[in-house]
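The entries follow the order of my search.

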Amino acid sequence: MPNRKNLVAYITTGFPSLEFTVDAALALAEAGVDTLELGMPFSDPVADGPVIEKANLKALENGFKLDHLFEASAKIAPHIDTLWMGYFNPFYHKGLDTFITEANKAGVNGFIIPDLPFEEARPYKPAIEAAGLSLIDFIAPTDSKARIEQIVTDAKKFIYLVAYAGITGSGQSENLQPIITDIKAFTDTPVYVGFGVDQNTAKDKAKGVDGVIVGSAFVKVLLDESLSDAQKITKISAIAKEIKEKINS
């Protein structure tokens, strides 16, 4: 089928458990997810709304360590295109070189670091790209045309278009068509839209872009204590299938 749109799914690593993360990731791959964002729990997730923040904190309370991310990724990445999504603090403290080495070892394909702006990312990009990895660039609706051109000219893998200036999962909406047109004028790199994408909004948000990024809609299910682990996996798989179908219909 021509130009099938991709689905990127975010889940919080180590929540509710590391075994669950691996099982959920493999189930999402089966359900049609194209790329998995494995979230690195962090105590102050500035771009995340209350849903993902809560899962982050619960994973940390459960004793999450970065080694757990590396361990889970080695079991997941052979089966689905995998990216690590995390704030810059852990990358800085553990050393970017360590992350690059571990990503290569596990078969992870790149990083998404929401609090590392384009300008500040510049010194790190050459080492990341030399290792065959991608550092995903963000575009916000507030970016000027000149800034868009600067950011997307060398963008690799895909461009993360933030659906509105704010935090994930809050469901506000803006008309993104003008900014999508601006991005596509400067690059052929796929554009994926994230923030506020769920079963209800996916079809609309996917207009004019190459894929969608969904986080809070999955993490909400992980937080639902009335469900068993098996029920959670069944439910997120169904959500993934539904979104994949809607964005491609």
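A residue counts as buried when its relative accessible area is under 20%, as exposed when that area is over 50%, and as partly exposed in between. I note that the model is predicted.

Entry on Phe88 and Tyr124. I looked up the accessibility of Phe88 and found a relative accessible area of 15%, so Phe88 is buried. For Tyr124 I found 26% relative accessibility, so Tyr124 is partly exposed.

Entry on aromatic pairs. I searched the whole structure and recorded 12 aromatic pairs. One of them joins Phe70 and Trp84, with 5.3 Å from centre to centre and 40° between the planes, and this pair is tilted. Phe70 belongs to helix H3 (residues 66-76) and Trp84 to strand E3 (residues 81-85), so their pair ties together parts 14 residues apart in sequence. Phe70 and Trp84 are both buried. I then turned to Phe88 and Tyr124: their ring centres are 5.2 Å apart and their planes stand at 55°, so this pair is tilted. It links distant parts of the chain, since Phe88 lies in helix H4 (residues 88-94) and Tyr124 in the loop between helix H6 (118-121) and helix H7 (125-130), 36 residues apart.

Entry on the cluster. I found that ring pairs connect Phe70, Trp84, Phe91, Phe99 and Phe111 into a cluster.

Entry on charge. Which residues gather in a patch of negative charge on the surface? I listed Glu19, Asp23, Asp67, Glu71 and Asp229. Helix H1 (18-30) and helix H3 each contribute at least two residues to the negative patch. I located Asp23 in helix H1; its relative accessible area is 44%, so Asp23 is partly exposed.

Methods:
Residues numbered from 1 in each chain as written. Predicted model: local features only at pLDDT ≥ 70, side-chain atom pairs only at ≥ 80, totals over all residues. Heavy atoms only, no water. Phe/Tyr/Trp six-rings, centres within 6.5 Å; stacked < 30°, edge-to-face > 60°. Helix = DSSP H or I, 4+ residues; strand = E, 2+ residues; numbered from the N terminus. Buried < 20%, exposed > 50% of the residue type's maximum accessible area, 1.4 Å probe, protein only. Patch = residues over 30% accessible without salt bridge, like charges linked within 9 Å, V, L, I, M, F, W, Y side chains within 5 Å. Areas by Shrake-Rupley, 256 points an atom, 1.4 Å probe, with all protein chains shown as cover. Salt bridge = Lys/Arg side-chain N within 4 Å of Asp/Glu carboxyl O. Lys, Arg positive; Asp, Glu negative; His and termini not counted. Charge placed at Lys NZ, Arg CZ, Asp CG, Glu CD.
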